[in-house]
Protein chains: 2
Amino acid sequence: MQNFEFQCATKMIFGKGTEQKVGEELKKHGATKVLFVYGGSSIKRSGLYDRVVKSLTDAGLWFTELPGVVPNPRVSLVRKGIEICRKEGIDFLLAVGGGSVIDTCKSMGFGVYYDGDVWDLICGKVKPGEKRIPVADILTLPAAGSEESDSCIVSDETIPMKTGFGSPLMRPIFSIMNPELTYTLPPYQTACGCMDMMSHAMERYFSRTPNVEMTDRVTEAILQTVIHNLPIALAKPDDYAARAEIMLCGTWAQNDMTGCGRAQDWFNHGLEHQISGFYDIAHGAGLAISTPAWMEYLSEKEDCLPKLVQYATRVWHIDLNLENPKETALEGVRRLRDLIHRAGLPLTLAEVGIGTEKFEEIADLMTDCGSHTCGSFYAMSRADILALLDRMK
Amino acid sequence: MQNFEFQCATKMIFGKGTEQKVGEELKKHGATKVLFVYGGSSIKRSGLYDRVVKSLTDAGLWFTELPGVVPNPRVSLVRKGIEICRKEGIDFLLAVGGGSVIDTCKSMGFGVYYDGDVWDLICGKVKPGEKRIPVADILTLPAAGSEESDSCIVSDETIPMKTGFGSPLMRPIFSIMNPELTYTLPPYQTACGCMDMMSHAMERYFSRTPNVEMTDRVTEAILQTVIHNLPIALAKPDDYAARAEIMLCGTWAQNDMTGCGRAQDWFNHGLEHQISGFYDIAHGAGLAISTPAWMEYLSEKEDCLPKLVQYATRVWHIDLNLENPKETALEGVRRLRDLIHRAGLPLTLAEVGIGTEKFEEIADLMTDCGSHTCGSFYAMSRADILALLDRMK
């Protein structure tokens, strides 16, 4: 186990009807002027918008709104939000939505206290300072884990480029998590969200750092819980228990508890970011295609096999084939593919209409034309990436 | 799953040599005048005392000391500490030790801001206020989990009575956790500590609240990790990996993550507090005697069987005997008894020299002479408690 520091101060307010507490809770945390940020009209159709407005009004809070956050949230809207914050003297940001809305607020909060363009912070040119407008959220999409994480990802739609930054001060002050708010998520979005949280767990789980038993086991617990509950939520979208388990898993997969004491990999997220830079593909769908292919590819590598076997035996309860442990690892990959397929997610690039035309460019971008490798569980070279992309076809 | 709120803002600073950061870290959190609280001479023998003094001095912090904390920490020392805090204008409390030292600091921190006698807070007569002197700690005994918990337990040695109070503001600001500092713990103390943390997990795990899969699984992860690492640490006291796993488990077992979304039981802790009120017995030893006996007793109760079977199959990987699930549950109890016995802990009251003479009185105290029951997983009546004590003989 490596030395580590872990702190996640976000207050989780979990359960039915909890969104009605948002006004009181904001007030308790010193809010007086709130910017209410959201995406499209879905929160108006569902009635959530009205409940939020009522709660803010009942608490006597002044607020104004910024709608229009889109998936892969845009820096242009972040800039607009910063202007509003400065003009109105906003002292709290309320994100109502999923990771895109929360990430928009996180970057906005730091951008207000930075004199230059907020993109400097997002792309890492300038380090975030010690001041920011705090963020709270009502989560409607369990996936990114931004409701407790210390990072955010924003796109510059004009370049195009998708990148992000982090700070311990970036974790939301509180997150309101009502699983009922996820009943209306389309099945594809539910599945993509679950793939994203599984990936957050796996990017940390597949690590060469030895002696991380507790961290491994909590990660396996998250994976098992998602695996069990995703099919239930797809079959019965208003199954409260399944929706609640998924929501809790999304948060715990990404608040970095599963990263305690070890090196993390993040190859699959890196690859997916490159692919979705060229093609319009949902983040979870990209991860669904790459993750099992990557695991299958690494089952050829002797150093990676033990952890892949541990994953297969502990997460999927596959009996260990002592004479052929690779077969055990591959069965773990097959089970993951089955889950992905049953959830209606793609397993190949062809299924989402992506051809081989950008393979070389993607491999170049990930390795700076072959000058370095990607990932720490297995250091993927340019050649490895091309071989992997070939399996993903 | 029940609605719940969860927030644990304590910063965990984990790993080798981390105690050297204590001065800098205190300063970062605004400390100027520190009261350094500890137990006996063991931290002087080990050199930890000198390293703490050096770190505080290097950071330019003014500090004074309060040694003398004993197991089952005493309110008399808490009162003494409060006087020092007021006289010297202390603004941060540093606990170096285990739960007793941390709990002394926690109660002291709130006591300073209460005009009456601190026992009023401890025994629950008066609610703690919103002000307290913050606490940080260097943990040397993984057991109580006080390094992240929001509660404390203190004894009035003159009554005698052992009780406690809590507040969200009571969680330490940061906890320094260096597993190396636990190498010198005697085997009995190591085992008692592990029994305590297993009990913290089980008091929450054995719950009738349905649909708490993620919370169950994280609790099982903690139990499995302690079960695996306790024998290793006993066989090789300086096994860093085993000591690190145990230390991490102690914290996560008691920061209430394992309590999210469900009713908690706490019968065994209640019983142990009564027993140790009459007899000088280590907390972990008392739990080692009562817990398996309690599980065995509850395996007779149809409503309790499913969770006991889940525990046996998931934590101990015992094959489910579908025709006789009770046998599966009992095998789970036997495994726990084996672990306890191998760890050198007692399984009967006779082993620690306790007779039957106080059984009636204990049952009376726990049920107010039979007028109420104890525990939520199974509501133990006076008769149940007497029957259980009989099994513990």
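A: Helix H5 (residues 99-111) of chain A lies across E2, E3, E4 and strand E5 (135-139) of chain A, and runs at about 165° to E4(A). Helices (H or I, at least four residues) and strands (E, at least two) are DSSP runs, numbered from the N terminus, while axes are lines fitted to C-alpha atoms, for helices over the stretch in contact, with angles from 0 to 180 degrees between N-to-C directions. This is a predicted model, in which local features need pLDDT of at least 70 and side-chain atom pairs count only at pLDDT 80 or more, whereas totals for chains, interfaces and linings use all residues. Residues are numbered from 1 along each chain as its sequence is written, chains are lettered from A and ligands numbered from 1 in the order in which they are written, and side-chain values use heavy atoms, with hydrogens and water left out.

The sheet itself is open and has twelve strands, in the order E3(A)-E2(A)-E4(A)-E5(A)-E8(A)-E1(A)-E1(B)-E8(B)-E5(B)-E4(B)-E2(B)-E3(B), with mixed pairing; two strands pair if DSSP finds at least two bridges between them. Its edge strands, each pairing on one side only, are strand E3 (62-66) of chain A and strand E3 (62-66) of chain B. On average, neighbouring strands of this sheet are turned by 25° against each other, direction ignored. In chain B, strand E1 (residues 4-14) and strand E8 (residues 174-177) pair in the parallel sense over four bridges, and Phe14(B) stands opposite Met177(B) in E8(B). Helix H4 (residues 75-88) of chain A also packs on the sheet, touching strand E2 (33-38), E3 and strand E4 (92-97) of chain A, and its direction makes about 160° with that of E3(A); contact means heavy atoms within 4.5 Å.

Turning to the rings, the structure holds 24 aromatic pairs over all chains; rings of Phe, Tyr and Trp (its six-membered ring) pair if their centres lie within 6.5 Å, and planes under 30 degrees apart count as stacked, over 60 as edge-to-face and the rest as tilted. The pair of Phe206(A) and Phe377(A) is tilted because the ring centres are 5.5 Å apart and the planes at 50°. Phe206(A) counts as buried at 0% relative accessibility, and Phe377(A) counts as buried at 1%, where buried means under 20% relative accessible area, exposed over 50% and partly exposed in between (1.4 Å probe, protein chains only).
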